[in-house]
Amino acid sequence: MRGSNFIRDIVEDDLRTNKYDGRVVTRFPPEPNGYLHIGHAKSICLNFGIAMENKGVTHLRFDDTNPSKEDVEYTEAIKRDVRWLGFDWGDKLFHASDYFEQFYEFAVQLIKDGRAYVDDLSSDEIREYRGTLKDPGRESPHRNRPVAENLDLFARMRAGEFPDGSRVLRAKIDMSSGNVNLRDPVIYRIKHETHHNTGDKWFIYPMYDFAHGLSDSIEKITHSICTLEFEDHRPLYDWYLDQLGVYHPQQIEFARLALTYTLMSKRKLLNLVEEGHVSGWDDPRMPTIAGLRRRGFTPEAIRDFCDRIGVAKRDSMVSVALLEHCQREDLNLRAPRVMAVLRPLKLVVDNYPEGQTEKLDAVNNPENPGSGTRKVPFSRVLYIERDDFREDPPKGFFRLAPGKEVRLKHAYYVTCQNIVKDNQTGEVIEVHCTYDSESRGGGTPDGRVVKGTLHWVSAVHAITATVRLYDYLFDKEDPEEGEDFRANLNPNSLETLTDCRLEPSLANAKPGDRYQFLRHGYFCVDQVDSAPGRPVFNRTVSLRDSWAKMQKVHATS
RNA sequence: UGGGGCGUCGUCAAGCGGUAAGACACGGGCCUUUGGAGCCCGCAUUCCCAGGUUCGAAUCCUGGCGCCCCAGCCA
């Protein structure tokens, strides 16, 4: 059951009063000028969610009224991402550009009604004439051109007779309005540019305010849900529809998503891509749907997240920890567990017969008994995690240390007898242990307790792989803080480990497969950089680590 | 004293005149062959502030204060 919110309340009311004959038609209207991000996911879940809950439909409509910024690469990516998130627009795929001819006719109607005029002022002049937030604007000298002249000029604008920027079509509303959007807004501008959908057919392109409401009207949208910054555009949205006397949906605004440590501005994300701070729109550190997908996030977790954050009108910044929580909760139930040693340290079981190998049973997922078991090879020489051994263990460290006994997951208890150090560096390079053959499987007849359980791999059986550990792309909660967001880039957002040793079952991991690396976190086989037999793993999100937290507290106090 | 919005726990967020849901985070405990997961407990005597109405106010009224958005031929 999804949480209620003020928009759902409005829809419910409208259904009760039969305002739209019981119809619920929403739309998701991206401009194809960049990739979709987690903020769009909020809007997608809201729009598709409300429609689905009320037996309605949601249109996917490209708001493609500005050919200078848009590209088919983006339309394809957007469709892929919406679909991946789990939503279906059926045959309701539209483009604002599909309606250009109708928009033109509507504009002509406005001119005929004396509600629009062609203005010859330059953009600088228009800005000057617009006034300021405190002072009213002045009327353009062309404001009262005869209808016939306007009609002629507008037709010639369409015909491509005038250069870019030389004229615009404006609505005749109120140059002294406190709402700047109503000071004779531009309806059409001249752009001699190829459009990704209409080609070279048009030399004039409608502005958002004009095109958006009319698109909604043409498609008989009931609830046109958008973000807060369009709130003071609503009077204009209403004005166009009322002047033209056409079907009138209602615009409702909600607060866009802001996430800690995350940049959501499409313009700035594009900048990161163009300047190479990330590998592309789908870099696993990007908040884009494509990036999250590649990182290993699931549509289920993202949808759950969107359900939990709610929908309201107040500006807010959601903690990215919630997204991570949703992802862990989802993957905990379904990700197979596997052993991976990220920073290998050799461990030799001195009393284990040389050349012997046994296949031990390992549970695939304790949270899901139906997921079965697999065999993991054990032998005399193993690798364990460097962090799991300390020559001088601090208080509370219950992993391996000289003289200490630990359990090797799924295998045996081992006790550290001695260590081998590098003569030069003094670094521990080998740990020598003895094992208790009675402890096979992880328990002993005497029932003695060991506090630590370590993951491990057999040296000769393990496969070598690259594992990428990701951290936040920015090291400030609010990446926009300061004068240049790029100064907040986290230099340690990516750590690539190339000598990781993984249990052999991972040799057949397929791109997109997700696992829990025991005691580390959830990892996903990279879809781009992996090759057959040579998988690259991306860390989606780490496991909660209370030991690390303890260490951190001690370090800072 | 241009216009439009918004102010409820550290962060989101319910609440719609009947006496502050939930989630994340955080703290403590239990349990554990992942220091994972799970379980239990705690966590706003108070809702930006000040008045007022009312038997009763986070909810209604008045006045302040604070924050966000708008001066693209972007969306």
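Guide: Helix 7 and helix 8 are oblique to each other, because their axes cross at roughly 60°. This is a predicted model, and the values below are computed from it. Helix 7 covers residues 208-218 and helix 8 covers residues 234-244, and their axes come within 9 Å. The crossing in which helix 7 passes helix 8 is right-handed.

On the helix 7 side, the residues that meet helix 8 are D209, F210, H212, G213, L214, D216 and S217. Helix 8 answers with L236, Y237, Y240, L241 and L244. Sorted by class, this contact holds 7 nonpolar, 3 polar and 2 charged residues.

The largest pocket has a volume of about 1,200 Å³. Its lining counts 42 residues, and those that lie nearest its centre are T227, E229, F230, R256 and K266. The elements that give two or more residues to this lining are helix 7, strand 1 (25-28), helix 2 (38-53), strand 8 (223-227) and helix 9 (266-274). Helix 2 provides the largest share, 4 residues. In terms of class, the lining divides into 17 nonpolar, 12 polar and 13 charged residues.

Helix 2 leads on to another packing pair. Helix 1 (residues 6-16) packs against helix 2 at an angle of about 35°, and the two axes are 11 Å apart. This crossing is right-handed. Helix 1 makes the contact through I7, R8 and V11, while helix 2 uses L46, G49, I50 and E53. The class count for this contact is 4 nonpolar, 1 polar and 2 charged residues.

A further pair can be set beside these. Helix 4 (residues 100-112) and helix 6 (residues 147-158) pack at an angle of about 160°, with axes 9 Å apart. Angles over 145 degrees count as roughly antiparallel, so helix 4 is roughly antiparallel to helix 6. Here too the crossing is right-handed. E101, Y104, A107, V108, I111 and K112 of helix 4 meet V147, N150, L151, F154, A155 and R158 of helix 6. The residues of this contact divide into 8 nonpolar, 1 polar and 3 charged.

Back to open space: the second largest pocket contains about 980 Å³. It is lined by 34 residues, with E324, R328, D471, Y472 and S542 lying nearest its centre. At least two lining residues each come from helix 10 (289-295), helix 12 (320-334), strand 25 (536-542) and helix 13 (546-556). The lining has 19 nonpolar, 5 polar and 10 charged residues by class.

Helix 12, one of the elements that line this second pocket, also contains L333. Leaving out residues up to four places away in sequence, L333 touches N365, E367 and N368. Between L333 and D91 there are 35 Å in space, C-alpha to C-alpha, and the two are 242 residues apart in sequence.

Definitions and conventions:
Residues numbered from 1 in each chain as written. Chains lettered and ligands numbered in written order. Predicted model: local features only at pLDDT ≥ 70, side-chain atom pairs only at ≥ 80, totals over all residues. Heavy atoms only, no water. Axes fitted to C-alpha atoms, helices over the stretch in contact; angles between N-to-C directions. Parallel < 35°, antiparallel > 145°, perpendicular 65-115°, else oblique. Left-handed = near helix turned anticlockwise from the far one by under 90°. Contact = heavy atoms within 4.5 Å. Nonpolar A, V, L, I, M, F, W, Y, C, P; charged D, E, K, R; others polar. 1 Å grid on protein atoms, 1.4 Å probe; cavity = no way out; pocket = protein on both sides within 12 Å on 5 of 7 lines; lining within 4 Å. Points joined across faces, edges and corners; volume = space filled by probe spheres on them.
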